[in-house]
Amino acid sequence: QAALQGFSANEGMLFVRDRASLPYSAQLGQGTLYDSIRRQPLVRESDRNVCGICLQRLEDVFINDASDAKIIIHLPPWLKASKLASFVLLPIHEGRRPFALLLAGWPEKKTIGFTVSQIRQVRSMLKLVGTANRLAGV
């Protein structure tokens, strides 16, 4: 909720890696896409798409036009089928080891970036999540 508010997004989800297996599944979220993929093991660090690359490189990904031909070939099928025109992917990690992936999206194309304040707030929140994960011994 805090991340979605920070990005002014009404659609989003948190993919979490299941300890019993390598895939990440959407465990928390809101919106039509989340409702359609909830708890399905859809994201892997080894994937050769925007999600896998985000987790492998631990880099934020911002796609402002998901229908762009240069971009659509790098989207997983479940994201291609969504109604998201723009989205951001943020890896959540502790000690450079990813354990979750945040997706926030919009039905319209985002043509402007985010404010420094928005990015700072979301990054601070993700750092706290990483620290809480470490302290919980997960």
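Predicted model: local features only at pLDDT ≥ 70, side-chain atom pairs only at ≥ 80, totals over all residues.
Six strands make up an open sheet, in which the order is S3-S2-S1-S6-S5-S4 and the pairing is antiparallel. Its edges are formed by strand S3, which spans 41-43, and by S4, each of which pairs on one side only. From one strand to the next, the twist averages 35°.

## Strand S5 and its two partners

Strand S5 covers residues 86-94 and is mostly covered, with seven of its nine residues buried. In the sheet order S5 stands between S6 and S4, and its pairing with each of them can be described in turn.

With strand S6, which comprises residues 97-106, S5 pairs in the antiparallel sense over nine bridges. Along this pairing, Ser86 stands opposite Trp106 in S6, while Leu90 stands opposite Leu102 in S6. With strand S4, made up of residues 61-63, S5 pairs over three bridges, again in the antiparallel sense, and here Val61 is the residue that stands opposite Leu89 in S5.

## The turn between S5 and S6

S5 and S6 form a hairpin that has two residues between the strands, and Gly95, which lies in this turn, has a positive phi of about 60°.

## The helix across the sheet

Helix H3, formed by residues 50-57, lies across S5 and also across strand S2 (24-30), S3, S4 and S6. Relative to S5, the helix runs at about 35°.

Note on methods
Residues numbered from 1 in each chain as written. Heavy atoms only, no water. Buried < 20%, exposed > 50% of the residue type's maximum accessible area, 1.4 Å probe, protein only. Helix = DSSP H or I, 4+ residues; strand = E, 2+ residues; numbered from the N terminus. Pairing = 2+ DSSP bridges. Axes fitted to C-alpha atoms, helices over the stretch in contact; angles between N-to-C directions. Contact = heavy atoms within 4.5 Å.
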